[in-house]
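Dear colleague,

Please read the notes with the structure open.

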Amino acid sequence: MIDIEEFGIHEGISEVILSTISPEGVPNAAPIGLHLKDIKFSARIYNSKTLDNILSNQTAAANIVDDPFLFVQSALADVERGKFEFTDKFPVLKDALGWIMFDCRCRKGENISVVELSPVRSKILKRKIVPVNRGFNAVIEATVHATRFVVLKEQQYLDKINYYNTIVQKCGSQGDKDAMKLLFDLIRS
Ligand SMILES: Cc1cc2nc3c(=O)[nH]c(=O)nc-3n(C[C@H](O)[C@H](O)[C@H](O)COP(=O)(O)O)c2cc1C
């Protein structure tokens with residue numbers, strides 16, 4: 001039995017980086033909202049590599065991550081193999097604060113699928129006190145809009161990214177600012 005609160009996870013949606021593996025053994029990572037309601041975990045996943053991997057291998061690991069660069073990179077590009085480590089042949093992120101591995105049951109939809117997640121194993125790697133920082137939170141918001149911008153190319157998303165960038169520049173750490181630079185580089189490429 002996993003003590004969810006030990007992972008800082010409460011009812012609502014926690015933003016994690018989900019790691020999965022392809023049939024060819026290629027690890028993948030992408031930010032996904034981990035829903036918790038009535039002691040049940042689930043995710044709503046649009047058609048993506050993450051969904052393809054879950055459909056072929058019904059396992060996923062929710063990596064609890066506080067690295068803004070990794071959020072941007074995994075949302076908009078591939079994460080290099082060196083950033084993963086393998087536990088029982090399944091990839092998790094080396095820099096995660098902790099991870100929860102799940103068995104997945106997928107209800108496939110046309111564009112979006114609902115995945116029910118049953119925890120099977122978990123590990124806490126680092127315990128940290130993390131004060132609320134608007135800069136880090138703004139990187140996460142900007143990255144959500146960036147994932148929409150790269151698909152839909154609408155100005156409204158760029159406007160939102162620019163708005164959140166002003167908060168990152170005012171309140172963020174150097175790591176947050178480096179993550180925003182990566183975000184702009186990736187959406188322009
Ligand atoms: C904070 C955050 C939360 C996200 N949550 C979800 C989600 O719950 N479901 C989803 O399908 N995409 C979500 N995304 C978008 C995916 O991460 C994005 O589409 C990604 O490129 C998918 O990568 P993949 O093709 O490697 O799986 C989220 C992005 C961010 C930045």
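Which element gives the largest share of the shell around the ligand? That share, five residues, comes from β2, where strands (E, at least two residues) and helices (H or I, at least four) are DSSP runs numbered from the N terminus.

Please bear in mind that this is a predicted model, in which local features need pLDDT of at least 70 and side-chain atom pairs count only at pLDDT 80 or more, while totals for chains, interfaces and linings use all residues. Residues are numbered from 1 along each chain as its sequence is written, and side-chain values use heavy atoms, with hydrogens and water left out.

The ligand is surrounded by 17 residues, each with a heavy atom within 4 Å of it, and Pro 31, Arg 44, Tyr 46, Thr 50 and Ala 75 are the closest. As for polar contacts (pairs of N or O atoms within 3.5 Å), a backbone N or O atom of Pro 31 is 2.7 Å from a ligand oxygen atom, a polar side-chain atom of Thr 50 lies 2.5 Å from an oxygen atom of the ligand, and a polar backbone atom of Ala 75 is 2.7 Å from a ligand oxygen atom. Two or more residues of the shell come from each of β2 (27-37), β3 (40-46), α1 (49-56) and α3 (134-152).

Domain 1 (4-124) and domain 2 (134-188), with bounds from an automatic or database domain assignment, both contribute residues to this shell, so the ligand lies between them.

Best wishes

Methods: A polar contact is a pair of N or O atoms within 3.5 Å; within protein, one must be able to donate a hydrogen and the other to accept it, and residues adjacent in sequence count only if both atoms are side-chain atoms.
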